[in-house]
Amino acid sequence: MSEIPEKKPTKPVVLTCAQPTGRLHLGNYLGAVLNWGRMQQDYDCFFGIVDQHAITVRQVPAELRDNTYSCLAQYMACGLDPARSHLFAQSHVLGHTELAWILGCICPLGQLERMTQFKDKARKQESIDAGLLYYPVLMAADILLYNAELVPVGDDQKQHLELARDLAEKFNHRYSDTFKVPEPFISKVGSRIMSLQDPTAKMSKSDPNQASTVYITDRPEEIRKKIMSSVTDSGAEVRAGDDKPGVTNLLTIMSACTGRSLDVLQSEFSGKGYGDFKKAVADAVVATLDPVRLRYDDLIKDREALNKVFKAGAEQAQAVAFKTLSKVNRKVGFVERPR
Ligand code: TRP
């Protein structure tokens, strides 16, 4: 047998996107973005900032623009690396809305009307715009445009991903094999980072009590204050358990920040009080987030540099998007675009 190792197959494509709305918190970081960063080694990663999705609810234009820059800087600060991955803004790449149109033409209206996120959002609004209903089709286009195999998403996006799979299969069946059918990748940790004030609810940026949520750009003093005033449980023992949601949450956070297991942490803190424990949790979170915040502060100052990242990312993404789109256009029977 030959000594020469087999030629490595090309790396599978991972794609995930996030709306440019505000700041990332500790739950987003530990549960999602940290993992995305780790995937860059073994996968060809596309990370999209989906500004076109963001306008399905009303936005203040200047804020949307600022948030889009801020979002890019936050992701880079968290370790998403434009030298290894493709970081781009959705509106910079021609093809997302084009493919969404074509997919919409094979998408049953009823399936969109049954989306739980649509129903939730629609209930809260007086009048419903078509974009809100169409949102999951655009998301399917984001994924299929790059032939993504693996799509890291939160639990709340599972139904949308199911639609993307259905549309891929339907297109493949109706025309011919074109799209990979994407698999969701759902991280377990993220859904376990809970509010510091109500450990039965997920940590969230829309929590009215902002002491509940640690942001990745919080200063060390703010982080310490929030953790020291977090809700704990009756009894004085530092241990995880269903009867101890507050302490369990802090243990989970500390474990994710330090890489030490719950068991190790529990034995380390056995016999110690909540005060000492919280101090240690705060130290661990500060040690994790402080480098992130410092990188963010640097990155956000330099819009020219961020523009360069957007430009390179758009070019890389566009090359793939054009290829997929011309294949798709041909299959559905459009005349080849005159050159
Ligand atoms: N709907 C997703 C969210 O709100 C964002 C999103 C848009 C997305 N397009 C995507 C996520 C494609 C994964 C893949 O979280």
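The crossing of H3 and H12 is right-handed. This description rests on a predicted model. H12 spans residues 274–300, and H3 covers residues 61–77. The two helices pack with their axes 8 Å apart. The angle between H3 and H12 is about 140 degrees. Angles over 145 degrees would count as roughly antiparallel, and 65 to 115 as roughly perpendicular. H3 and H12 are therefore oblique to each other.

On the H3 side, the contact is made by Tyr69, Ser70, Ala73, Gln74, Met76 and Ala77. These residues meet Val292, Arg295, Tyr296, Leu299 and Ile300 of H12. By class, the contact of H3 with H12 comprises eight nonpolar residues, two polar and one charged.

H3 also contributes at least two residues to the lining of the largest pocket. This pocket holds about 1,400 Å³ of space. Its lining numbers 49 residues. Closest to the pocket centre are Ala18, Asn28, Asp156, Gln157 and Lys205.

Several other elements each supply at least two lining residues. Among the helices are H1 (26–39), H6 (116–123) and H7 (130–144). Strands S1 (13–18) and S4 (150–152) do likewise. H1 gives the most, with seven residues. The lining of the largest pocket divides into 21 nonpolar, 21 polar and seven charged residues.

Key: Residues numbered from 1 in each chain as written. Predicted model: local features only at pLDDT ≥ 70, side-chain atom pairs only at ≥ 80, totals over all residues. Heavy atoms only, no water. 1 Å grid on protein atoms, 1.4 Å probe; cavity = no way out; pocket = protein on both sides within 12 Å on 5 of 7 lines; lining within 4 Å. Points joined across faces, edges and corners; volume = space filled by probe spheres on them. Helix = DSSP H or I, 4+ residues; strand = E, 2+ residues; numbered from the N terminus. Nonpolar A, V, L, I, M, F, W, Y, C, P; charged D, E, K, R; others polar. Axes fitted to C-alpha atoms, helices over the stretch in contact; angles between N-to-C directions. Parallel < 35°, antiparallel > 145°, perpendicular 65-115°, else oblique. Left-handed = near helix turned anticlockwise from the far one by under 90°. Contact = heavy atoms within 4.5 Å.
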